[in-house]
Amino acid sequence: MSKSDISRRGVLRTGAAVGAGLATPTIFTSQVWGGGHTGFTNAPQGDTVTLGFNVPQSGAYADEGADELRAYELAVEHLNGGGDGGMLNTFSSKTIDGTGILGKKVEYVTGDTQTKSDAARASARSMIEKDGAIMITGGSSSGVAVAVQALCQEAGVIFMAGLTHSNDTTGKDKKANGFRHFFNSYMSGAALAPVLAKAYGTDRKAYHLTADYNWGYTTQEAVQTSTEALGWETVNNVLTPLTQTDFSSYIAPVLQSGADVLVLNHYGGNMVNSLTNAVQFGLRDKMVNDKNFEIIVPLYSRLMAKGAGANVKGIFGSTNWHWSLAQGFTTPDGTEVAPDAGSAAFVKSFGEKYGFPPSQAAHTCYCQTLLYADAVNRAGSFNPCAVGEALKDFEFDGLGNGPTLYRGDDHQCFKDVLVVRGKENPTSEFDLLEVVEVTPVSQVTYDASIFGGDLGTCNPGA
Amino acid sequence: MDAILLQILNGLDKGSAYALIALGLTLIFGTLGVVNFAHGALFMLGAFCAVTLNRILTLSHEVVDETRTDFLGNPLKVDVPYVYDILGEAAGNAVIDWSVPLAILFSIPIMIGVGYAMERGLIKHFYKRPHADQILVTFGLAIVLQEIIKYFFGANPIPTPAPAAFAGSFDFGAMLGFDPNTIIYPYWRLVYFAFAMIIIAAVFAFLQFTTFGMVVRAGMADRETVGLLGIDIDKRFTVMFAIAAVVAGLAGVMYGPINAPNYHMGMDFLVLSFVVVVVGGMGSLPGAVLAGFLLGILESFASMAGVLEVLPGINQIIIYLVAITILLTRPRGLMGRKGVMED
């Protein structure tokens with residue numbers, strides 16, 4: 001079905017409602033939008049509602065996409081009253097009762113982003129226009145997230161971002177219809193820098209290798225700014241092509257630069273290869289400026305850490321969530337972190353269904369699905385503008401990250417950030433990272449205006 | 001000076017991989033006249049032979065450790081490799097540690113079989129078809145092979161470490177009188193370079209000093225005349241296809257510790273290897289080797305921070321710039337022969 005079908009159908013079905021909507025003063029809240037299930041794109045008909053899960057099912061991030069899809073399927077099962085309910089039992093909002101969303105059974109369709117912006121937009125468009133998806137969620141790349149978010153804004157559906165870490169997603173490219181639960185580059189830098197200063201001192205010279213795309217730039221900038229504020233010097237920043245597989249020619253000159261820290265602003269296969277190459281070159285065995293040479297990976301993923309194998313041991317990074325929160329732990333500085341009930345419920349539910357613990361990508365996707373369903377229930381409508389209003393400045397707990405705010409100014413979630421380190425003695429292939437600090441949300445909060453951008457106005461489509 | 005030496009060293013291992021893949025490509029093109037876009041997939045299959053052997057050697061049974069718990073809070077099930085039961089823990093660990101070198105032996109029969117099946121089962125039907133058809137069918141085959149690998153092994157890279165004896169790097173700088181740590185080079189990359197040299201020398205020796213090789217070279221020069229002498233040249237060319245598959249496979253086996261194998265690694269090397277073949281001269285084995293090292297080293301130089309400051313992005317196009325320059329000045333490539341792909 002072509003895009004013109006959506007427009008035609010929308011005009012026929014909701015013309016009057018849109019006219020009324022345009023005349024509606026902004027002081028009206030979501031309750032106004034919640035008046036009926038018409039007047040917006042793909043208003044659910046009958047007793048079902050369709051969600052669109054747009055994840056990488058092929059390409060380099062297919063494993064991460066598969067884990068996202070598992071989480072979505074689990075969330076749908078829980079929303080429809082199946083399984084043990086997972087984090088529905090711990091979620092602070094209690095509007096979800098196992099009868100679907102607003103009493104409609106949840107169904108879903110899937111798309112393959114291929115981790116390519118054009119393919120991701122095409123699959124999202126197909127799910128909206130052909131399958132009638134009321135909400136699109138998923139993804140494992142900031143480039144994809146920004147592209148699909150813009151499409152959802154045009155189409156008039158809600159976009160609940162999956163794994164996207166670039167500041168731009170809720171910064172300069174933010175949209176009124178887009179929402180992100182995952183943390184971002186700024187937060188990684190703000191959380192990591194004090195831990196790094198404590199572990200390695202404030203007199204350090206850092207050499208950055210940065211993936212040559214949107215996410216790489218914002219991550220590098222965040223880490224550089226945060227570490228320089230604590231006294232580190234940035235010796236160099238070299239951009240590396242996203243398609244690079246052998247980083248030896250970039251790593252070999254690092255020691256000649258006088259740097260004693262290498263920051264790998266890489267993710268996925270890039271991270272696996274650059275870290276492997278750096279360890280091969282024996283960088284971590286070297287003494288430079290009378291200090292041990294150190295390597296840092298600002299954004300960790302357990303699935304990627306598995307690819308790097310033993311090379312991650314002892315290397316600091318940050319993560320949005322980790323399954324060990326379910327069991328509680330003691331950080332290296334002796335801080336006791338009690339088991340988190342939400343994480344425990346999710347790990348149990350996911351682990352018993354699939355046989356292994358969920359990744360952070362799975363966690364954020366599961367949370368986004370529940371948050372969307374809850375917002376619809378609270379709004380009393382599937383209208384994206386009503387849902388958006390319900391999500392704005394929503395404060396919640398029980399989803400694994402402690403008290404969390406969905407900030408209305410930029411649609412970014414604010415919660416504690418985990419600083420992690422590659423574990424020296426892992427007990428299994430899943431036990432690769434240890435949490436060394438739970439950085440409080442106050443330390444990673446920033447003014448929404450610093451990254452520019454404009455949310456614009458909500459688009460209900462039709 | 002030290003920076004130049006460093007990048008020459010860096011270019012050697014990359015050039016080794018290019019040279020080995022391009023050597024196989026040229027062997028196939030020179031003998032069978034087929035442009036084989038599935039050759040990168042053979043490199044990838046070789047790497048996954050090492051992964052497979054590692055998995056075989058680490059096949060385990062579970063032992064419950066009541067003192068520890070898993071992620072669900074249940075008693076931890078610890079995997080104990082069967083090889084521990086057979087050889088003891090120390091010897092078992094040593095065998096697992098050396099799984100990549102051992103995979104050389106493991107991969108040779110597999111790659112011969114794959115090469116033979118590929119040539120007899122598919123490619124021989126395209127000998128008399130246009131090069132465009134050959135490219136399409138072999139490219140399709142490459143995609144099928146990589147999707148099969150992804151289905152069984154997943155999309156993530158799989159760590160395939162070198163033996164612990166080759167961990168770390170050698171300080172060439174200190175040996176040559178430079179400051180320590182200015183010119184370092186991982187031991188395994190030295191091994192890879194030496195291994196590539198041995199394979200290349202073995203292929204050349206086989207073609208140069210054996211009767212079989214002599215017949216193949218004669219067939220490459222004039223297939224029809226060799227056939228008229230009553231020699232079944234097709235059978236020999238099939239063997240050469242299998243040998244080319246083995247060369248690509250071995251290059252992949254040994255490359256695993258340099259970059260963790262993933263299903264896409266063949267495609268990453270394929271395009272560049274074709275550029276290497278064209279720059280070296282279609283059908284020229286020495287040209288493929290020479291161009292492999294030349295382009296590998298140039299690529300390393302183009303990645304130097306100083307070069308990137310002056311010419312941003314040059315690292316991504318240097319190989320193609322060199323290819324264009326060489327083809328404009330020497331249309332047959334560095335060591336290409338007259339008449340090859342010119343009809």
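Biologist: Is B:Val276 buried or exposed?
Modeller: In this predicted model, local features need pLDDT of at least 70, side-chain atom pairs count only at pLDDT 80 or more, and totals for chains, interfaces and linings use all residues. Residues are numbered from 1 along each chain as its sequence is written, while chains are lettered from A and ligands numbered from 1 in the order in which they are written. A residue is buried if 20 or more other C-beta atoms, placed from the backbone, lie within 10 Å of its own, exposed if 12 or fewer, and partly exposed in between. B:Val276 has 31 other C-beta atoms within 10 Å, so this residue is buried.

Biologist: In which helix of chain B is the place of B:Val276?
Modeller: Helices (H or I, at least four residues) and strands (E, at least two) are DSSP runs, numbered from the N terminus. The run that holds B:Val276 covers residues 265-280 of chain B and is helix 12.

Biologist: How many Å separate B:Val276 and B:Ala22 in space, C-alpha to C-alpha?
Modeller: Two residues are in contact if their C-beta atoms, placed from the backbone, lie within 7 Å. Leaving aside neighbours within four places in sequence, B:Val276 is in contact with several residues, among them B:Tyr18, B:Ala22 and B:Leu295. B:Val276 and B:Ala22 are 254 residues apart in sequence, yet their C-alpha separation in space is 6.4 Å.

Biologist: What angle is found between helix 9 and helix 11 of chain B?
Modeller: Axes are lines fitted to C-alpha atoms, for helices over the stretch in contact, and angles run from 0 to 180 degrees between N-to-C directions. The axes of helix 9 (residues 211-221) and helix 11 (residues 233-255) of chain B are 10 Å apart, and the packing angle is about 105 degrees.

Biologist: How does that angle class helix 9 of chain B relative to helix 11 of chain B?
Modeller: Angles under 35 degrees count as roughly parallel, over 145 as roughly antiparallel, 65 to 115 as roughly perpendicular and the rest as oblique. The contact includes B:Phe212 and B:Val215 of helix 9 of chain B, with B:Phe237 and B:Met240 among the residues of helix 11 of chain B. The two helices are therefore roughly perpendicular.

Biologist: Which helix of chain A gives the most to the side that touches chain B?
Modeller: Between the chains, 42 residues of chain A are in contact with 41 residues of chain B. Several elements of chain A each supply at least two residues of this side, including helix 3 (62-79), strand 7 (233-240) and helix 11 (341-354). With five residues, the element of chain A that gives the most is helix 9.

Biologist: How many charged residues are on the side of chain A that touches chain B?
Modeller: Ala, Val, Leu, Ile, Met, Phe, Trp, Tyr, Cys and Pro count as nonpolar, Asp, Glu, Lys and Arg as charged, and the others, Gly among them, as polar. This side of chain A has 19 nonpolar and 17 polar residues, and its charged residues number six.

Biologist: At roughly what angle do the axes of helix 3 and helix 11 of chain A cross?
Modeller: A:Arg70, A:Ala71 and A:Leu74 in helix 3 of chain A meet residues of helix 11 of chain A that include A:Ser349 and A:Phe350. Helix 3 and helix 11 of chain A are roughly perpendicular to each other. Their axes come within 11 Å and cross at roughly 110 degrees.

Biologist: How far apart do the C-alpha centres of domain 1 and domain 2 of chain A lie?
Modeller: Chain A is divided into domain 1 (3-183 + 342-415) and domain 2 (186-319), with bounds from an automatic or database domain assignment. The C-alpha centres of these two domains are separated by 33 Å.

Biologist: Which residue stands opposite A:His208 in strand 8 of chain A?
Modeller: Two strands pair if DSSP finds at least two bridges between them. Strand 6 and strand 8 of chain A run parallel and are joined by five bridges. In strand 8 (residues 261-265), five of its five residues are buried. The residue opposite A:His208 is A:Val263.

Biologist: What is the bridge partner of A:Leu262 in strand 11 of chain A?
Modeller: Strand 8 of chain A pairs in the parallel sense with strand 11 (residues 294-299) of chain A over three bridges. Within this pairing, A:Leu262 has as its partner A:Ile295.
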